Every structure is written in structure tokens, then in C-alpha cells.
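Open the model in your viewer and keep the selection panel at hand.

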Amino acid sequence: MKTTLATFSAGVASVALFSACSHLGGHQDVAPAAALLSAAKPAVMSGSCVDITAKFKYDKLRITSSVPVAAGAVAMSGAPNAPKTAYDAPAHCLVKGVMDERKGTDGKDYAIGFEMRLPTQWNGRFYHQVNGGLDGVVQPALGALGGGPLTGALHQGFAVISSDAGHNGSQNPSFGADPEARQNYGYGAVGKLTPMAKGLIAVAYGKAPDRSYIGGCSNGGRHTMVAASRYADQYDGYLVGAPGYRLPQAALAQVWGSAQWKDLSPETPLASSSLTHPFAPNVKLPDISLGFNAQDRQIVADAILFKCDALDGAKDGLVQDVAACQKAFDVVRDVATCTAGRDGKCLSNLQKNTVAQVFAGGKGADGKHFYANFPFDAGISAANWAAWKYQNSQALDPGALSYIFAGDLRTVKAFDSNYDELHAAIYSKPNGFALSSDETMSPTGYDKPSYMNAIQKRGAKMLTYHGVSDAVFSELDTRAWVNRVASNVPNSASVVRHFSVPGMNHCSAGPAADQFDALTPLVKWVEQGVAPESIIASVRGAGHPGGVNAELPKEWSPTRTRPLCAYPKVATYKGNGSIEEAANFSCQ
Ligand SMILES: [Ca+2]
């Protein structure tokens with residue numbers, strides 16, 4: 001890591017020099033420093049909630065309700081008895097509506113359902129909250145941020161929109177049969193809602209948003225990255241969490257992985273399986289976790305920590321130096337091999353080879369990898385890691401490939417698929433569709449993301465974060481994308497900064513400091529020109545108002561904090577002071 005770091009710093013220094021030269025008339029190939037976007041100015045809502053929506057007219061829009069909401073805690077989801085926020089949301093106007101109501105080619109009714117929450121006292125900013133999974137549900141437009149729900153964009157005074165991305169029905173992928181619904185899920189809904197939302201804001205406050213942001217995690221991170229490639233003129237700040245920016249490829253790696261785990265698992269009668277369907281708890285799934293069970297995963301986590309924990313200067317249960325750890329750790333070499341049965345300290349050669357293959361991103365008969373490799377990290381021990389590898393890989397990914405991700409409609413089942421054919425289908429154009437699944441779902445030109453030049457030129461910024469122990473979307477894939485930006489955009493650290501979250505699983509959880517607000521530093525970067533070097537994160541220990549993380553190691557302080565460092569820097573222990581406090585670490 002030290003060598004990489006030195007190279008990186010030298011690169012930044014030389015770009016800075018060239019930029020200085022460009023003011024003197026030379027080196028026009030290097031982008032000039034972007035103009036600083038002015039700070040948003042607050043405003044107060046003009047008129048009542050009902051008045052505003054009555055005044056607002058927009059093509060193919062139907063407002064279904066518009067009601068004032070008093071300041072106070074609000075429900076965090078639409079589920080009955082959903083928990084409420086730990087904070088008071090400001091007084092706001094809640095507008096619900098639909099756009100583009102139509103009949104699909106499959107005969108079903110479609111629309112882009114949304115809600116907007118417009119605070120009475122507005123901070124002058126718009127936040128497009130893009131949601132996770134397969135969308136299909138209008139999640140409350142709170143602009144929730146990482147970890148426990150301690151803050152959110154609405155709480156901070158943003159006007160927030162959230163949508164179902166153009167179809168109704170969470171976790172039901174059948175909308176993929178309709179080309180427009182598939183396109184709306186890929187990118188179209190964000191494109192159609194954005195000008196409408198800005199128009200409603202203009203009516204509500206007498207001015208359009210001064211600054212606009214978009215953000216989400218998982219599929220929401222994907223939406224955000226896609227928006228940067230397709231709607232670069234619409235947003236000033238992009239908050240990208242755990243982006244599934246190659247969602248079809250990741251889903252294929254998941255389905256392939258499920259078959260590898262099954263091959264490792266002793267046959268278990270379905271009736272006695274302890275694995276259940278994540279969305280239908282009464283439905284049992286073949287228990288493919290038995291071949292690499294919780295104890296086995298802890299063995300690997302311990303071996304990773306043995307090799308990598310101290311590389312950042314502190315044996316604290318967190319592997320901060322992710323890159324160095326990938327070089328230092330080899331699962332086949334560094335985990336003891338069982339000579340008899342399981343003894344709680346060893347794995348069989350077959351187990352180790354399977355883990356290595358799955359972490360390599362899967363591979364077809366043609367030798368091509370389906371997806372990125374995954375980093376080894378201590379969060380492999382956690383429940384969320386297992387849920388993605390063993391449950392969602394059987395219950396979610398096959399359906400998504402069948403209807404949305406693998407070109408033409410087909411039936412993909414867990415365990416018995418033709419992987420090479422599926423892999424090719426991701427890149428083929430299905431009958432009746434204008435784009436391949438890869439083109440529909442992914443940022444345009446993500447292999448050479450020169451579109452980030454446009455973002456840079458207008459002074460917009462992108463902040464990415466990703467849990468290193470994310471089991472479905474690889475943190476190394478996000479690093480690879482950031483590295484490709486660096487190859488295509490001069491002084492790329494002036495437009496994108498990435499923050500790894502060691503130990504964290506998919507968007508939250510795991511043995512990690514997973515509570516942080518990345519939106520505030522993004523706003524400061526966009527509107528004040530202060531580039532984030534680190535973000536302070538905390539664990540959710542006993543009594544934490546954002547909800548306790550039950551998987552924190554017992555020896556950690558329940559109030560531990562850590563800096564998340566801008567890649568490629570690493571949070572490094574200063575050598576003295578409590579290892580429970582962020583102040584005793586620096587980004588090196
Ligand atoms: Ca450490």
C-alpha cells in the first residue's frame with residue numbers, strides 16, 4: 001500500500017503543477033480547476049400544501065394526495081407498525097402521485113409511483129432518494145443515510161423524492177417482461193422524475209433547487225452511478241453506496257455461487273432445513289450453508305485477522321489496509337487443512353478451494369469471470385454475508401436473471417443453469433428491447449468512464465462508500481471503477497472520492513463502524529470546495545439510538561469511532577491513545 005500511496009500522491013502533485021501551468025497558457029489537455037458551485041440558500045414554502053399542488057401542472061402527472069405533516073417522528077417504511085425515526089422530521093408537505101400511467105406490452109398496468117416531502121423550512125436543496133433491491137415500492141422519502149436512521153436528507157431540510165422506479169411489487173421481477181418497465185427500472189424513472197420534482201419545488205418555494213443531489217445504497221448506488229452517466233447536467237452531488245453498478249453480472253455470480261455451496265453441503269431434507277425464503281419465511285430453501293457454515297466462516301475471519309489486522313498498526317478487529325490484506329492473505333494457504341473431520345479450526349481442501357473460487361467472482365467454462373473478485377475481510381463471519389450467499393442467491397437472483405438481467409425472458413433456476421449462455425445473454429439485445437441488459441442497468445461506458453469529465457467540468461462531485469465485507473457487490477469492483485475514472489479524468493480526486501468501510505456487510509451491519517453521514521461532507525465538498533479526507537464513523541453499540549448492531553465483537557467499546565479514509569489512504573493507528581477513538585487514527 002505504501003508504494004501505491006506514494007505513486008498516487010506524486011500523481012496528484014504533478015496534476016496540481018500542470019493546472020498551475022495551464023493558467024499561464026500551457027498544458028490545455030489537463031482539465032482546469034472546476035468552478036465552485038455556489039451554496040444553496042434556504043427558503044420557506046409559499047402557500048399551503050394543497051395550494052401548491054393545485055397550482056402545479058405537469059405532463060402525464062396525477063397527484064393523488066397532498067397533506068401537511070406536523071414536525072415529529074415518522075414511520076421509516078410503509079409496513080404496518082413500522083418503527084419510527086429516532087429524530088423528529090421537520091414540518092413538511094407530503095405529496096403522493098403517479099407519472100406515465102399506461103398499459104404494458106404484457107397487459108399489466110404500469111406507472112411511476114412517487115412521493116415527495118417538501119419541508120416548510122427548506123434548505124434550498126433537492127435530494128433524489130433512489131432505493132434498493134428491485135424497487136417496486138415507494139419507500140418514505142426521508143433520504144435515510146448509512147447505518148442506523150439517525151439523520152436523513154429530509155431531517156437536514158432537503159426536499160426529497162422517492163419512487164417505485166416504474167413498477168409495483170417489491171421483489172417481483174415479472175415487470176421485466178415489459179420493455180418500458182425494464183428501462184424505467186434501469187434508468188428511465190430517474191430521468192422522468194427529476195424535471196418534474198424540480199418543477200414542483202419551483203412552485204412550492206418560488207425557485208428551483210439551488211443544488212441537487214441524488215443518493216442511495218445497493219441498487220440505489222447503481223441508480224446514482226447511472227444518473228452520473230446519463231443525467232450529468234441534472235445533479236451537483238452523487239452519493240453512491242455499495243453500488244451494484246454491474247447488477248446482472250453480480251446476480252450471475254450469485255447464482256453460480258449457490259451451486260458451488262450446494263456441492264459442498266451434505267444433503268439435507270427440505271423439511272428439516274433451517275434456511276428459509278427471505279421474503280416468505282414459511283417457505284424452506286435447501287440449506288446450502290451447511291458446507292461452509294457459521295463456524296467455518298469464523299475460522300476464515302480469524303485467519304484473515306491473524307494475517308491482516310496489524311497491518312494498519314492496530315490489532316483492533318478491523319482490517320483497514322484492504323489492499324495489503326489481499327496480498328498478505330491466501331485462504332488456501334493460510335487456513336489449516338482438516339485431516340479428519342471438522343475440529344473448529346480447519347477447513348477441507350474442497351471448502352477452501354470453493355471459497356477461493358467464489359471470492360474470485362465465478363468463472364464459466366470459457367474461462368471468463370462473471371463478476372469482480374471480492375476482498376477477504378473479517379465481516380465474512382456476519383449474518384448478512386450468509387443471507388446474500390445462501391438465501392438471496394437462491395430466492396432473489398434467479399428470478400431477476402429470468403425477467404430482467406439475462407436478455408430475453410427465460411427460466412433461470414438456482415443450481416442448474418447454463419452459466420456461459422446466461423453470461424452472453426447479459427450483453428445481447430433481447431427481442432423487442434432497444435438495449436442489452438448490461439446497457440439498461442449499468443452506467444453508460446463504465447469501462448472507460450470519461451463521462452466523469454462532464455461532472456468535473458460543472459463542479460459536481462461524487463462520493464462513494466462500500467462495505468468491504470459486502471457479499472453481493474464487491475468493494476473491489478467499486479475501487480476498480482474509481483481507478484478507471486483516475487485513468488480517464490485528470491485530477492480525478494477532485495470529482496470522485498471513495499470510502500471503504502472495513503468489516504461492513506451490504507450497506508450496513510457486520511463487525512464494523514457502520515454509522516456515518518456521508519451526505520454532509522458531500523454538500524460541503526460541492527458547495528464550499530472542501531474535499532473530504534475522512535468521514536467519522538461509529539459503531540452501533542449498546543443503547544445506540546439508531547438500533548444496536550448485535551454482531552459487534554464483545555471486546556469493542558460500544559462507542560468506538562473510526563475515520564473512514566479517502567481511498568487509497570488507510571486509517572492507521574498513531575501508536576498511542578485508546579484504540580476505541582477515531583482521534584488516535586490518521587489517514588495515511
Ligand atoms: Ca486493524
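In which sense do strand S9 and strand S12 pair, and over how many bridges? Select residues 237–241 (S9) and 461–467 (S12): the two strands pair in the parallel sense over five bridges. Pairing requires at least two DSSP bridges between two strands. Strands (E, at least two residues) and helices (H or I, at least four) are DSSP runs numbered from the N terminus.

This is a predicted model, in which local features need pLDDT of at least 70 and side-chain atom pairs count only at pLDDT 80 or more, while totals for chains, interfaces and linings use all residues. Residues are numbered from 1 along each chain as its sequence is written.

Stay on the pair and pick Gly-241; its bridge partner in S12 is Tyr-465.

Next, select residues 475–488, helix H15. This helix packs on the sheet and touches S12 and S13, contact being C-beta atoms, placed from the backbone, within 7 Å. The direction of H15 makes about 160° with that of S13; axes are lines fitted to C-alpha atoms, for helices over the stretch in contact, and angles run from 0 to 180 degrees between N-to-C directions.

Now show the whole sheet: nine strands, open, with mixed pairing, in the order S2-S3-S4-S7-S6-S8-S9-S12-S13. S2 (61–69) and S13 (496–501) are the edge strands; each has a single partner strand, so one side of each lacks a neighbour in the sheet.

Last, select Val-160. Beyond four places in sequence, its contacts include Met-116, Tyr-127, Leu-142 and Ala-153.

Key:
Contact = placed C-beta atoms within 7 Å.
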